[in-house]
Amino acid sequence: ADIIKFFDTDEDSILLDESLFYIYDGIEFESSSRKRKVKKFSESNNHIVYNEANGHLYYNDNGEDKGWGEYGGLFAIIKGGAELSADHFELVQYSYS
């Protein structure tokens, strides 16, 4: 997982490549500081789930199926804690040529 330090919620965004995260219709986001709730969100249509207690960011690759999916799971850790919302994420298209 990537480690993100000094994230400023007033200034910064997390860029997600559409082709890697398979998100094309807007980001569905949920967060909680409770481990049980974070696990429950892994069985939802939320694309990005944030564990406020430890800063872990998860990508949910399989919608409402159990777990995070084949390509999902922990992808980043926000150090120092941050109050994130869907507005802190931006979908981008990178060119890999």
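**Briefing: surface, fold and strand 4**

The accessible surface of the chain comes to about 6,400 Å², and carbon and sulfur atoms account for 43% of that area. The model is a predicted one. Two helices and seven strands make up the secondary structure of the chain.

**Fold and dimensions**
- Along the sequence, the elements of the chain come in the order β-β-α-β-α-β-β-β-β.
- The chain has a radius of gyration of 13 Å, close to the 13 Å given by the globule rule for 97 residues, so the chain is as compact as a globular protein of that length.
- The C-alpha trace spans about 40 × 30 × 20 Å along its principal axes.

**Burial and contacts**
- Buried residues make up 39% of the 97 residues of the chain.
- Of the contacts between residues at least 6 apart in sequence, 44% join residues at least 24 apart.

**Charge**
- The chain carries 9 positive and 19 negative charges.
- The mean position of the positive charges lies 16 Å from that of the negative charges.

**Strands 3 and 4**
- Strand 3 covers residues 29–32 and runs parallel to strand 4, with four bridges joining the two.

Technical notes: Residues are numbered from 1 along each chain as its sequence is written. This is a predicted model: local features need pLDDT of at least 70, side-chain atom pairs count only at pLDDT 80 or more; totals for chains, interfaces and linings use all residues. Side-chain values use heavy atoms; hydrogens and water are left out. The radius of gyration is taken over C-alpha atoms; the globule rule is 2.2 Å times the number of residues to the power 0.38. Buried means under 20% relative accessible area, exposed over 50%, partly exposed in between (1.4 Å probe, protein chains only). Contact means heavy atoms within 4.5 Å. Accessible areas come from the Shrake-Rupley method with a 1.4 Å probe; for residues, only the protein chains shown count as cover. Lys and Arg count as positive and Asp and Glu as negative; His and the chain ends are not counted. The place of a charge is taken as NZ of Lys, CZ of Arg, CG of Asp or CD of Glu. Two strands pair if DSSP finds at least two bridges between them.
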